[in-house]
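This briefing is intended to be read beside the sequence and the three-dimensional structure. Please keep both in view while working through the points.

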Amino acid sequence: MLGYVTLGTNDIEKAAAFYDRLCAEFGVGRMMGDENFIAWGKPGGGAGIGLTKPFDGQPASVGNGVMAAFQADSKEQVDKVYKLAVEELGATCEGPAGPRGDTFYAGYFRDPDGNKLNVFTMGG
């Protein structure tokens, strides 16, 4: 249903390095951008994610209760992406990768700008 999610950043270069590596784990790269905006995904390939410096020129800030989720193919991919984000890319843990109920497996983290993300898979 969603076309894309856009998150704010105050350091587009640092954020771009974070999302370049994270999105590569899902087999996608940059599909458009300029000095103020970058989007990752595949045209026609489902929802993508973008980063932008706020249009109004004010500092970007995170929303309380706002989160973007990356859908993984397996629990192993959840573990790999969560570990990459937290151990290599400077993300902060918001809940380690693991089961949440019987069919949901996820890890939660914040990117270098503080935006809350998760990586998840559904199934038994």
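The points below concern a predicted model, and they are grouped by topic.

- An open sheet is built from 4 strands in the order β1-β4-β3-β2, and its pairing is mixed.
- Strands β1 (4-8) and β2 stand at the edges with a single partner strand each, so one side of each has no neighbour in the sheet.
- From one strand to the next, the twist averages 25°.
- Strands of a sheet pair through backbone hydrogen bonds, in either a parallel or an antiparallel sense.
- For β2 and β3 the sense is antiparallel, and the pairing extends over 4 bridges.
- Residue G33 stands opposite I38, which belongs to β3.
- Helix α1 lies across β1, β2, β3 and β4, and it runs at about 5° to β3.

**The nonpolar core**

- In soluble globular proteins, nonpolar side chains tend to be buried together.
- The largest nonpolar core in this model has 27 residues.
- Those with the most contacts inside this core are F18, Y19, L22, I49, F109 and L117.
- Two or more residues of the core come from each of α1, β3 (37-41), β4 (48-52), β5 (68-71), α2, β7 and β8 (116-122).
- Helix α1 gives the most to the core, with 7 residues.
- Which residues does Y19 contact, leaving aside its neighbours within four places in sequence? The contacts of Y19 are L7, A24, W40, I49, L51, F70, D111 and L117.

**Aromatic pairs**

- A pair of aromatic rings is described by the distance of the centres and the angle of the planes.
- The structure holds 5 aromatic pairs.
- In one of them, the ring centres of F18 and Y19 are 5.0 Å apart and the planes stand at 70°, so this pair is edge-to-face.
- Both F18 and Y19 are buried.
- Y19 also pairs with W40, and here the arrangement is tilted, with 5.6 Å from centre to centre and 35° between the planes.
- Because Y19 lies in helix α1 and W40 in strand β3, this pair ties together parts that are 21 residues apart in sequence.
- W40 is buried, and so is Y19.
- F18, Y19 and W40 form one aromatic cluster.

**Salt bridges**

- Side chains of opposite charge can pair when their charged atoms come close.
- The model contains 5 salt bridges.
- In one of them, R30 is joined to D20, with the closest N and O atoms 2.8 Å apart.
- R30 belongs to strand β2 (residues 29-33) and D20 to helix α1 (residues 12-24), so this pair ties together parts that are 10 residues apart in sequence.
- Both partners are partly exposed: the relative accessible area is 48% for R30 and 30% for D20.
- E88 forms a salt bridge with R21, and the closest N and O atoms of this pair are 2.9 Å apart.
- E88 is in helix α2 (residues 75-88) and R21 in helix α1, so the pair ties together parts that are 67 residues apart in sequence.
- Is E88 exposed or buried? E88 counts as exposed, at 54% relative accessibility, whereas R21 is partly exposed, with a relative accessible area of 39%.
- R110 and E94 meet through their side chains in a salt bridge of 3.1 Å, N to O.
- Since R110 lies in strand β7 (residues 104-110) and E94 in strand β6 (residues 92-100), the pair ties together parts that are 16 residues apart in sequence.
- Salt bridges that share partners join E94, R110 and K116 into one network.
- R110 is partly exposed at a relative accessible area of 23%, and E94 is partly exposed at 36% relative accessibility.

**Residue T92**

- T92 lies in strand β6 and is partly exposed, with a relative accessible area of 44%.
- Leaving aside neighbours within four places in sequence, T92 is in contact with Y108, F109 and R110.
- T92 and G8 are 84 residues apart in sequence, and their C-alpha atoms are 17 Å apart in space.

Note on methods
Residues are numbered from 1 along each chain as its sequence is written. This is a predicted model: local features need pLDDT of at least 70, side-chain atom pairs count only at pLDDT 80 or more; totals for chains, interfaces and linings use all residues. Side-chain values use heavy atoms; hydrogens and water are left out. A salt bridge is a side-chain nitrogen of Lys or Arg within 4 Å of a carboxyl oxygen of Asp or Glu. Buried means under 20% relative accessible area, exposed over 50%, partly exposed in between (1.4 Å probe, protein chains only). A nonpolar core is a set of buried Ala, Val, Leu, Ile, Met, Phe, Trp, Tyr and Cys residues joined through side-chain atoms within 4.5 Å. Contact means heavy atoms within 4.5 Å. Two strands pair if DSSP finds at least two bridges between them. Axes are lines fitted to C-alpha atoms, for helices over the stretch in contact, and angles run from 0 to 180 degrees between N-to-C directions. Rings of Phe, Tyr and Trp (its six-membered ring) pair if their centres lie within 6.5 Å; planes under 30 degrees apart count as stacked, over 60 as edge-to-face and the rest as tilted.
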